[in-house]
Amino acid sequence: MSAITLTDRLSLATVAAAAERPRVSGPAVDPRALSTGLVHFGVGAFHRAHQAVYTEDAAAATGDTRWGILGVTGRSARVAEQLGPQDGLYSVLTKARDSSSLRVMGSMRGVVFPGTGSEEVLRTLAAESVHLASLTITEKGYPRRLGGGLDLGNPAVAADVDALKAEVAGRSFAGPGRTPLGLLVRGLARRHATSGAPFAVMCCDNLMSNGSVTRGLVLELAEAAGAHGLLEWLDAAVTFPSTMVDRIVPATTEANRREAERLLDLRDEGLVVAEPFGQWIIEDNFPGPRPAWERAGAIVTADVGTFELAKLRMLNATHSLLAYLGALRGHPTIADAVAADGLVEEARRLQRNDIIPTLTAPPGTDLAAYGESILERFANPNLGHTTIQVAMDGSQKLPVRILGTVADRLSAGEIPYSGALLVAAWMVFIYRGRDVNGRPLGLDDPLAEALRAAAAGSEAGLAGRLLAVKEIFPEELAGHPGFRAAVAEAVRKVLSEVP
């Protein structure tokens, strides 16, 4: 056999030699032996470092080869272009504080870009051998209107409703899916019209009661298309288990790629990076077969809610606080922000004073210790998780991560001063648009234009102008005198620290 050179790509032809190298493992199952049993929407770095790993480990633990994954990309074909030449293989570079290891993954058996491959997605969802669909499309991937519910005024949603009407009527292929949920429901309609076999749709995004949210949007799509038979079948044969997911997955850098290349002696265009920790809580609500995820370390339970709420409020809110304050103070990574004087204490105050009083501890969990473990994970300097990456999509994240805590504290008669500081840091991040050293801070947010317009004006009125953005702040929070005053004071404090 000729020597592998660094110009070679990871693939089925090269993986055997790569897996023999030090600090490299996998795939845990033979990719050639896997059949597709699961469709995943949003095949970005998080899914590949989290659910795909659990699914492959479950297959390895049981010998069950039914759980190969068909990945569906988002608006870009990039992941399909990365993994196609690699036969679906990619690697996960796990970065502990002082060491790295690489694992090659083989559970991704195909990746499809909806712009050119929607028909393949529809056929796969309809196949009796496929039992599940899962989603990691981020909070902004769920087309909801203010106050919840499907945004039928969104042109992409309207186009998907028309395509669903054609699917239900049995007309020829109506073109590519415009939204992940639209393409999913068209596939479910085709399944209903053919085998009618039961199915599960599993949301893995950071949304409270994410299974119920997804179910509601799916049913609204079907109702908007007038698909009454489909609605009855969805109610009878399709379940929407909720989940809670946790693993820090920073953006992959060129330095990460060079490190992986040295380990593999191959180039991996689909590389993802992750911390050692991982957690997956899954509601036990499946009408048919599923991977034995519990054999891979997941918790399958009747109650996801307490785990979900604790993670969203403790971990995600703390992440956002460190991201906005850290970015404004010139810290490029979350680990840098944790190491900075004062910021970790602000994070602790947020957890202990505002968040923990609103929570019921999940079974076996000490919330104060859980908070410290979160800060320890954030302090990992080897991850390189940037403050800017965590700061993106704030308009979608704040309602889920902190505003529920704020509402609960106000209902209890308390002013959440640390929660107000998080909101204020987000406001100043938008308003300043630069850090303390003058470096620009990009605003990556679906409401970026509206937020910049609302922020424009005097410093004194900044808090009031952004609290008036109804897409983010409900009136009971925006109009609460105590909270408004706390946010305004926190804005003045943060502005004074970032002149």
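The structure is a predicted model, in which local features need pLDDT of at least 70 and side-chain atom pairs count only at pLDDT 80 or more, while totals for chains, interfaces and linings use all residues. Residues are numbered from 1 along each chain as its sequence is written, and side-chain values use heavy atoms, with hydrogens and water left out. Helices (H or I, at least four residues) and strands (E, at least two) are DSSP runs, numbered from the N terminus.

**Helix H11**
- Of the 24 residues in H11, 22 are buried, meaning under 20% relative accessible area with a 1.4 Å probe and protein chains only.

**Helices H7 and H9**
- H7 (residues 180–193) packs against H9 (residues 228–237) at about 90 degrees, with the axes 10 Å apart; axes are lines fitted to C-alpha atoms over the stretch in contact, and angles run from 0 to 180 degrees between N-to-C directions.
- The two helices, H7 and H9, are therefore roughly perpendicular, a term for angles of 65 to 115 degrees.

**Strand S3**
- Because 5 of the 5 residues of S3 (residues 68–72) are buried, this strand is largely enclosed by the rest of the structure.
- Gly 68, Leu 70 and Val 72 point one way from S3, whereas Ile 69 and Gly 71 point the other way.
- S3 runs parallel to S2 (residues 36–41), joined by 5 bridges, and pairs (at least two DSSP bridges) in the parallel sense with S6 (residues 108–112) over 4 bridges.
- Gly 71 stands opposite His 40 and also opposite Val 111 in S6.

How values were computed. Buried means under 20% relative accessible area, exposed over 50%, partly exposed in between (1.4 Å probe, protein chains only). Angles under 35 degrees count as roughly parallel, over 145 as roughly antiparallel, 65 to 115 as roughly perpendicular and the rest as oblique.
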